[in-house]
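This briefing goes through one protein chain by topic. Please keep the sequence and the structure in view while reading.

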Amino acid sequence: VAVVCSYGVDVFNVESGEFVATVGSKGDGPGQFGLAGGVAYNCRGEMFVSDWLKHCILVFDASGEYLRSFGVQWEAEGQSSRSLSGLAFTPEGDLVVADCANH
């Protein structure tokens, strides 16, 4: 569960509903968020989390350990990436990123 406008992602047990852990924290370092947005998992179980303020995607392994991040910046028809929100993977494995600030 990504709590919008938070500094991490809360993980819950799907059977019991109990809190398990928080992935990430507030800050500018590796594995830290400006503001966590959307969450998606790839076929390897890696968790991808969008960051609204840093305009990037942070990647964690299945245990919540930080792996890497990459920037997501684009400009098209006078628009640029702003507030990365929803994430999803296509059947081919491509990451789809929604930008809620562009209309």
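Buried residues make up 32% of the 103 residues in this chain, and the model is a predicted one. The chain contains 12 strands and 0 helices. Its accessible surface is about 6,100 Å², with 53% of that area belonging to carbon and sulfur atoms. Of the contacts with a separation of 6 or more, 33% are between residues 24 or more positions apart.

**Nonpolar cores**

- The largest nonpolar core consists of 9 residues: Val-9, Val-23, Phe-33, Ala-36, Met-47, Val-49, Cys-56, Leu-58 and Phe-60.
- At least two residues of this core come from strand S6 (47–51), and at least two from strand S7 (56–60).
- The strand that gives the most to this core is S7, with 3 residues.

**Aromatic pairs**

- The structure holds 5 aromatic pairs.
- One of them joins Phe-12 and Phe-19 edge-to-face, at 5.8 Å centre to centre and with 75 degrees between the planes.
- Phe-12 is partly exposed, with a relative accessible area of 36%, and Phe-19 is also partly exposed, at 48%.
- The ring centres of Phe-33 and Phe-60 are 6.0 Å apart and the planes lie at 35 degrees, so this pair is tilted.
- Phe-33 belongs to strand S4 (residues 32–33) and Phe-60 to strand S7, so that the pair links distant parts of the chain, 27 residues apart.- Phe-33 counts as buried at 1% relative accessibility, and Phe-60 counts as buried at 1% as well.
- Phe-33, Phe-60 and Tyr-66 form one aromatic cluster.

- Strand S11 (residues 84–89) and strand S12 (residues 95–99) run antiparallel and are joined by 4 bridges.
- Ala-88 has Val-96 as its bridge partner in S12.
- This hairpin has 5 residues between the strands, and Gly-93 takes a positive phi near 95 degrees there.

**Gly-24**

- Gly-24 is found in the loop between strand S2 (19–23) and strand S3 (25–26).
- With a relative accessible area of 28%, Gly-24 is partly exposed.
- Gly-24 and Val-9 are 15 residues apart along the chain, and their C-alpha atoms are separated by 6.6 Å.
- Leaving aside neighbours within four places in sequence, the contacts of Gly-24 are Tyr-7, Gly-8, Gly-31, Phe-33 and Phe-60.

**Asn-42**

- Asn-42 sits in the loop between strand S5 (36–41) and S6.
- Asn-42 has a relative accessible area of 11% and is buried, because that value is under 20%.
- The side chains of Asn-42 and Glu-46 are joined by a polar contact of 2.7 Å.
- Not counting residues up to four places away in sequence, Asn-42 touches Phe-48 and Phe-89.

Conventions
Residues numbered from 1 in each chain as written. Predicted model: local features only at pLDDT ≥ 70, side-chain atom pairs only at ≥ 80, totals over all residues. Heavy atoms only, no water. Core = buried A, V, L, I, M, F, W, Y, C linked by side-chain atoms within 4.5 Å. Buried < 20%, exposed > 50% of the residue type's maximum accessible area, 1.4 Å probe, protein only. Pairing = 2+ DSSP bridges. Contact = heavy atoms within 4.5 Å. Polar contact = N/O pair within 3.5 Å; in protein donor to acceptor, adjacent residues only side chain to side chain. Areas by Shrake-Rupley, 256 points an atom, 1.4 Å probe, with all protein chains shown as cover. Phe/Tyr/Trp six-rings, centres within 6.5 Å; stacked < 30°, edge-to-face > 60°.
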